[in-house]
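User: I would like to understand how the words used for a protein model follow from the values behind them. Could you take me through some examples slowly?

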Amino acid sequence: MATLKAPITEQDHIQGNVEAACTLLEYGDYQCPHCGAAYPLVKNLQKHFGNRMRFAYRNFPMTQLHAEAEAAAVVAEFAGTHGKFWEMHDALFENQDRLGDDLFAELATQLGLDAAELQQAMAKRTLTDRVRADFSSGIRSGVNGTPTFFINDRRYDRPRDYDTMVSAIEEALAE
């Protein structure tokens, strides 16, 4: 079983109780349809486990398959520099079928971010290093597709359905 090689730190995007007994980490791609399908699943798991589980997200844009994946990750990171990563994360998945410059500017404006500043950040590629660092950490941990989940630093290779994932997280909590 593959294990997480790059430990979760305060530099990661984390939701929930930072001291939770269980961590669910997703390596994801905003344009990946499988990640889009997993998005509501993760929300339901967060609701079910509450403060017993924290959720972390790392970028793993599959650029050979998804032309807008890296740009979307950069947009999320830009929002993160303004304390709005999770709002943008959710908005990107909820508008997955419209990814592109127009949507990115629209979402930035909706979140109270400066769309011109976002364009500059994208043109200068200032946040691409962060996205690529996430990607590299995934490669080192055996990630080769999205979404890839880790539960308490162990890659989750079972079916990605609600009941099976609830069981796996319960097992991790019991350890």
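Analyst: Let us begin with a definition: a residue is called buried when its relative accessible area is under 20%, exposed when it is over 50%, and partly exposed in between, using a 1.4 Å probe and protein chains only. Please keep in mind that this is a predicted model, in which local features need pLDDT of at least 70 and side-chain atom pairs count only at pLDDT 80 or more, while totals for chains, interfaces and linings use all residues. Residues are numbered from 1 along each chain as its sequence is written, and side-chain values use heavy atoms, with hydrogens and water left out.

User: Why is F49 called buried?

Analyst: The relative accessibility of F49 is 3%, and F49 therefore counts as buried. F49 belongs to helix 1, residues 33-49, where a helix is a DSSP run of H or I with at least four residues, a strand is a run of E with at least two, and both are numbered from the N terminus.

User: What makes R125 partly exposed?

Analyst: R125 has a relative accessible area of 42%, so R125 is partly exposed. R125 is found in the loop between helix 5 (115-124) and helix 6, and its phi is positive, about 60 degrees, although R125 is not a glycine.

User: Why does N152 count as partly exposed?

Analyst: N152 counts as partly exposed because its relative accessibility is 24%. This residue sits in the loop between strand 4 and strand 5 (154-156), and N152, which is not a glycine, also has a positive phi, near 45 degrees.

User: How many disulfides are there?

Analyst: A disulfide is a pair of cysteine sulfur atoms within 2.5 Å, and by this rule the count is zero. C22 is in no disulfide, since the nearest cysteine sulfur, which belongs to C35, is 19 Å away.
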